[in-house]
Amino acid sequence: MLTVKDLVKHFPLKAGRFSSSEEKIHALNGVSFTLGKKKTLGIVGESGCGKSTLAKAILGIKPPDSGSVLLSPADTRMQYIFQDPYLSLDPKMQVKDIITEPMRAAGMITKREVAREAERLLELVGLPKDWGTKYPHEFSGGQRQRICIGRAISSRPGIVICDEPVSSLDVSIQSQILNLLLELQEKLEISYIFIAHNIAVVLYMSDIVSVMYAGYIVESAAPQELYANPMHPYTRLLLSVVPEIGKNKRIFEQKITGEVPDLIHIEPGCPFYSRCPVHSDKCRTAIPQLKPGEKEDHSCTCWLYQ
Amino acid sequence: MKEKILEVKNLTTIFHNVNQDVTAVDNLSFDLFSHEILAMIGESGSGKSVTNLSIMQLIDEPGEVAPGSRILFRDGDGYINLNRMTEKEMERIRGDRISMIFQEPSASFNPLFKLGNQVGESLRLHGQSTKEEAYQEALKLLEQVHIPNSALRAQDYPFQMSGGMLQRMMIAQALACHPDILIADEPTTALDVTTQAQILGLLKEKQAETGMSVIFITHDLALVEDFSDRILILYAGSLMEEGPARDVISHPMHPYTQDLIRSIPKPGMFKGQDKLFAIPGKVPDPGEKITGCPYAKRCSRCTAECQASRPDITEKNGRKVRCFHAYS
Amino acid sequence: MKHSIPYLKFKRKKLGMLCFWILVVLYLSFIFEGFLAPYQPNTKFKSKSYQPPHAIHLIHDGKFIGPFVYEYEMANPFYKKYRTDWTVIHKLSLFTKGDEYRLFGLIPSKTHLFGTKDGEPVFLLGADRLGRDMLSRIICGAKISLTIGFVSILTALLGGILIGGISGYIGGMTDWSIMRCCEVIILLPTFYFFLFLRSILPADITPGQKFLFITLILAIPSWAGSARGIRNWVLSLKNADYVTAAKLSGVKSLPILLRHIIPQIRSILILDITLSVPGVILGEAGLSFLNLGITEPSVSWGMLMSAAMDINVLKQYPWVLWPAFVIILTVFCFFTLGYSLKDAFDPKAM
């Protein structure tokens, strides 16, 4: 239902109107995946890995330089859930107008039906249905994120892109929102692209997980498989540093070398080369393609498995 | 025998906002021992940051540290009450005896000065060295926090640094005067997970080397289990639970601690197989009137007693808990 | 009813509150001008030229007889010197009958707030060369001086919102060109620009037309400033997450601008108005002072001040300077109110 092929997005580094710098930030370097109905694709990676650029390219907010985004005709509507619920609700609008805005814009309801639809949506996202006449500042962060979710699902989109939907919320609220998203997926048959930096959250939410690094998908697998048999050294690194309560993991003793990759001055070879504990000379010269490993549906871009 | 380096007694900090008074920290008492890492855990509105700003006497209008609060800091053989210090006396303590590092290192450096000069600045301010000596000392400090090419990087400006490198710089700056206490306010929250692990490692290493005490503030309970010696759990300005880190995590006594642990997603939990526990409700609003236990509304063990009156702290086997129905 | 935080913060600002109420009184005074002013602005008392202000007394011959004034007697008709006649008294009373006027421009009435019982003119702020009551003229002058500020700033803001909004929202080359034009206008020395524009106006226009033209002249330099400010706000708001959310939902550009962006800058607009009005009031006063703005028979504060242009007049009859104090008071009130509001709206300031 959603097929993304070879998305590339490079941002020119411009100092001003009259600058003629040729340098570019290589944010996306050819990303492909498919997403099925009622499925969740999880995307995990650190800052600068291109996960937000990917979301914006798919939505057309920042159209890609090349590559294609193909949607099945039934799912032309896509919606987006932002990271910060304090910034994504218009402070001067009543909640009932915010939550039904996509429906109004799509001509699905008239102004008269706003109040009734708002009640239905508020109930769906677990808020009291008579709160439609309140303003965003009267809500807490978690409640605001519920309103954002209500707005995103109101126009019955086929696909909702969630970009770090819980990372700005209080710890005790995060699991509420995650469970709400799962519940709505069951009820409304939505597909999600779930983007987060926390691999534990992505593993919990997804049907398939893609690990991104420096604008590439470096590994892709079902969450159980990825957790049990991580192939790419970067995935292993991510799993080794994610805090895990009750396991005495001593993440502060992990040996981690190198720095985040430079996306402006691109060198040939694997972008993870400088940080990779198992690199060989080959890694320096060329990037391997995303290739299926021994198991089906588990692919990885690493010379170790080519 | 560990000695107390800081003893906070009945700390209460109130913000007199235009529309209402908000009690950000409510009668909080705790001790900090030498050579220990004390983790302070809390969500928004828990008062964890305000507590530390109160210790540093950095609460501005309309906030006020209640005059009865005692913040006893060990000075030689005796203790001095930081809440009675004049601003001038506090200036000598801040950055010299007690240092702080923050979540956003970029906001803590002046963008117009070279990092090398800023890192050694506190040495100069506290009158220990000249500008040249301070710079040389800064170079040494940068090396100690493992900044590669430190002599070169000292010539850089803050915008040229990644978040992780800047956080290292800030740690170097905080360590310059060999403080007795380092207060780290969410120092890894803005960082990536790999960088977070590196910064935690650096903090642990420096703490072991210098023997300073660290107050580590975070919202992430999972980070501190093996990183810190003791844990304080704060909620809505009150202390809920206190104890040795490992005990608190493996045998939480307060329902809030237990719920928090259960609601954090762990790697190895999958959709369809596991269901993440979700705490109902929300964190109390600032200034919300709470008569009973602040967690009562969300607690599964809540009874009429919890709604009506606020439980006192009970102490047993080095553990403290504020709950009528604590797990044993 | 819960009050918003800016409102509560503003209530704490004692001086700002005071200025707010002074302005309210000033604006109310010109609405009730005919009633408050004892005389019509152009009622002349030929024998009272440059009569000094009357002092209100209560006790005559050791007896309390209520408010009254002593009569002034012309001592030197050439130099317009007056002497108080301590024997002749004129009692003051409320709601006396006098000149006919129309309340709110509609209801004909002869009742004035106060006057003398015997019909003798009373000048609490003195009289001008033609024997017209300064107090009445100041009250009537408020009409033009205070409205011209608002009308002209509202005109400027309308232009500013339109041009700044388009400039910021479209961006790119359009934005760049519009902003450079605005900068040119901002760079022009304002007062000389007023003079230049005024000089190209035809001479034979009615007072109504004159008021309109002067309003527009005063609006021109301020729209450019407003446009720049609004453009910057639009620029920072158009990438706000909720604007992106609206775009993704298929909301069109104009509704986004009107529904999501302009409402956010409401408080900025209020500030802009309060801080720009005094400039326009001063501009009008300046033009009228030079006899290039409002002229007889219309009355404005600046025009009244032109009587004080001659130092000899000023020396002998200092009360002709009253309009200047009223202008200073108004401008001060607007600025103080503006800065108090600014603090109240600023979430960081206490």
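## The two domains of chain C

Which domains does the domain assignment of chain C give? There is domain 1 (45–132) and there is domain 2 (138–345); bounds of this kind come from an automatic or database domain assignment.

Before going on, a word on what you are looking at: this is a predicted model, in which local features need pLDDT of at least 70, side-chain atom pairs count only at pLDDT 80 or more, and totals for chains, interfaces and linings use all residues. Residues are numbered from 1 along each chain as its sequence is written, while chains are lettered from A and ligands numbered from 1 in the order in which they are written.

Taken over C-alpha atoms, the centres of domain 1 and domain 2 of chain C are 38 Å apart. Their contact takes 7 residues from domain 1 of chain C and 6 residues from domain 2 of chain C. Here, two residues are in contact if their C-beta atoms, placed from the backbone, lie within 7 Å.

On the domain 1 side of chain C that touches domain 2 of chain C, you will find 4 nonpolar, 1 polar and 2 charged residues. In this scheme Ala, Val, Leu, Ile, Met, Phe, Trp, Tyr, Cys and Pro count as nonpolar, Asp, Glu, Lys and Arg as charged, and the others, Gly among them, as polar.

## Chain C as a whole

Chain C has 13 helices and 4 strands. These are DSSP runs numbered from the N terminus, with helices (H or I) of at least four residues and strands (E) of at least two. Along the principal axes, the C-alpha atoms of chain C fill a box of roughly 85 × 55 × 35 Å.

Of the 350 residues of chain C, 35% count as buried. That label needs 20 or more other C-beta atoms within 10 Å of the residue's own, with C-beta atoms placed from the backbone.

## A look at Leu157(C)

Leu157(C) sits in helix H4 (residues 134–170) of chain C. It counts as buried because it has 21 C-beta neighbours inside 10 Å. Setting aside neighbours within four places in sequence, Leu157(C) is in contact with Ser226(C), Leu269(C), Asp272(C) and Ile273(C).

## Where chain A touches chain C

Let's turn to the neighbouring chain: 17 residues of chain A are in contact with 13 residues of chain C. On the chain A side, strand E5 (78–81) and helix H3 (101–105) are the elements that give two or more residues. The largest share, 3 residues, comes from H3(A). By class, this side of chain A has 9 nonpolar, 3 polar and 5 charged residues.

Technical notes:
A residue is buried if 20 or more other C-beta atoms lie within 10 Å of its own, exposed if 12 or fewer, and partly exposed in between; C-beta atoms are placed from the backbone.
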